[in-house]
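Subject: Structure for you to look at

Hello,

Here is the structure I promised to pass on. Please open it, and then read my notes below.

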Amino acid sequence: MAAGTFRNALVFAAFCAAGLGITAALAENAPSHDDGVYGRHQTSAAGRDGSQDDASEDAEALRLAIPACAKDPDKLGISRVVEIDSTGGPVFGGSHVHNAFLKDREVVLTFDDGPMRTHTRRVLKALEDHCTRATFFMVGRMAVAEPAMVREVIAAGHTVGTHTYAHRNLKAIGLLKARSDFELGYSAVTKAAGQPIAPFFRFPYLSESRQVLDHLKKRNMASFFIDVDSKDFQTRDSNVVFKRIMSQLNVTGKGIILMHDIQPSTVGLIERLLDTLHDQGYKVVHIVPKTSEPTLAEFDVPAAQALAAKGGKAKQGSVSDRSITATMPDKDDPEPETASNAADHLPWAAKPAAKPRRAPKPSVQPQPEDLPWQTRSSPN
Ligand SMILES: [Zn+2]
């Protein structure tokens with residue numbers, strides 16, 4: 001895909017969004033851009049090419065529009081849409097305050113590690129009920145397993161970024177392998193989406209490295225760190241996670257919130273969290289990309305192969321298919337994603353349960369317990 005075609009390619013997504021009830025009444029809903037376009041190389045929104053045709057202008061306007069329902073005082077809604085210029089690989093969130101774009105009591109909702117149909121759909125429902133939008137940093141292997149969910153998230157108006165293919169710790173594996181995990185993830189999610197996605201990236205485990213950041217700069221990929229960490233993987237108790245989020249938020253007063261749309265605790269708290277954010281006067285800022293960035297052909301090929309292979313396997317529906325076969329096996333990978341050792345990813349096979357448990361139903365749907373990074377102390 002050529003760079004800079006994000007708006008044109010979004011025509012389809014925009015029409016899908018319109019079909020989901022997002023208003024096309026743009027004039028009164030279009031956000032003001034007095035906040036500008038964010039990135040290291042800030043450019044004016046007024047600098048857009050004035051020669052776009054009507055369709056692309058409609059798509060562009062819809063992409064930046066705030067849904068009419070977001071103005072309902074009873075809804076959390078969206079306060080602003082911020083367009084992020086990823087040129088030069090800007091870094092946002094956490095200690096990267098030089099790129100801070102949030103005002104007091106503004107939050108960005110982010111969900112990592114999905115999609116996972118059962119859980120992601122419940123998160124989407126809550127977001128829709130509150131007429132608000134989020135950013136999903138998807139793992140390539142999860143997107144390959146659930147390509148329809150990738151499209152569903154985009155069609156609902158949310159932003160989709162990436163989070164590598166196999167959720168490896170990029171700081172620990174060297175630049176060559178890190179580059180591969182990033183690029184394959186970007187290609188895989190893009191292929192699953194069937195359209196350009198946001199050039200937005202989140203490091204697994206929030207484990208950044210200077211070398212990878214330099215690569216992301218060259219690739220014009222914006223990186224997003226966090227200000228509020230739900231640590232929703234540590235417990236299934238939604239109440240604990242809810243209190244953790246709100247207590248951090250009440251200290252920071254604003255920020256990028258990290259949750260996981262594959263975690264039961266987040267599914268259990270999301271409605272309450274959105275209600276509480278609204279009640280306490282927090283505002284949701286929706287981040288969208290200014291432009292798209294191309295995938296690399298050398299990774300598009302294995303990504304397409306993985307997508308095709310998974311599609312075939314899904315029809316078979318065996319337990320061994322719960323783990324996705326990686327297209328780029330690596331002898332140093334501590335968790336090679338092969339069907340032959342899929343049992344290692346299944347908690348009931350890898351370690352004795354504390355008490356007898358019912359055998360799980362065979363399914364091709366990955367579960368949090370199947371994902372090695374979800375059993376670690378810090379699965380961001
Ligand atoms: Zn993660």
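Two strands pair if DSSP finds at least two bridges between them. Helices (H or I, at least four residues) and strands (E, at least two) are DSSP runs, numbered from the N terminus. This is a predicted model: local features need pLDDT of at least 70, side-chain atom pairs count only at pLDDT 80 or more, and totals for chains, interfaces and linings use all residues. Residues are numbered from 1 along each chain as its sequence is written.

**A strand pair**

Start with strand β1 (residues 80–84). β1 pairs with strand β10 (residues 283–289) in the parallel sense, over five bridges. Val-81 stands opposite His-286 in β10.

How enclosed is β1? Four of its five residues are buried, so the rest of the structure largely encloses it. Buried means that 20 or more other C-beta atoms lie within 10 Å of a residue's own; exposed means 12 or fewer, and partly exposed is in between, with C-beta atoms placed from the backbone.

Arg-80 also lies in β1. It is partly exposed, with 19 other C-beta atoms within 10 Å. Arg-80 and Val-285 are 205 residues apart in sequence, yet 5.0 Å apart in space, C-alpha to C-alpha.

**Two helix pairs**

Helix α7 (residues 175–193) packs with helix α8 (residues 210–218) at an angle of about 45°, their axes 10 Å apart. That makes α7 oblique to α8. Axes are lines fitted to C-alpha atoms, for helices over the stretch in contact, and angles run from 0 to 180 degrees between N-to-C directions. Under 35 degrees counts as roughly parallel, over 145 as roughly antiparallel, 65 to 115 as roughly perpendicular, and the rest as oblique.

The α7 and α8 crossing is right-handed. Right-handed means that the near helix is turned clockwise from the far one by less than a right angle; anticlockwise is left-handed. Leu-175, Ala-178, Arg-179 and Phe-182 of α7 make the contact with Gln-211, Val-212 and His-215 of α8. (Contact: C-beta atoms, placed from the backbone, within 7 Å.)

Now take α9 (238–252) and helix α10 (residues 264–279). Their axes come within 8 Å and cross at roughly 45°. That makes α9 oblique to α10. The crossing of α9 and α10 is right-handed. On the α9 side, the contact includes Phe-242 and Ile-245; on the α10 side, it includes Leu-269 and Leu-273.

Most residues other than glycine have a negative phi, and most peptide bonds are trans. Which peptide bond is cis? The one from Gly-114 to Pro-115, with omega near 5°. Pro-115 sits in the loop between β3 (106–112) and α4 (117–129).

Tyr-205 is not a glycine, but has a positive phi of about 60°. Its loop runs between β6 (200–201) and α8. Tyr-205 counts as partly exposed, with 18 C-beta neighbours inside 10 Å.

Lys-231 is not a glycine either, and has a positive phi of about 45°. Look for Lys-231 in the loop between β8 (228–229) and α9. Is Lys-231 buried or exposed? Lys-231 counts as buried, with 20 C-beta neighbours inside 10 Å.

**A buried histidine**

His-158 lies in the loop between α6 (147–155) and β5 (159–162). It counts as buried, with 23 C-beta neighbours inside 10 Å. Beyond its neighbours within four places in sequence, His-158 is in contact with residues including Arg-133, Phe-136 and Val-153.

Best wishes

Terms used:
Two residues are in contact if their C-beta atoms, placed from the backbone, lie within 7 Å.
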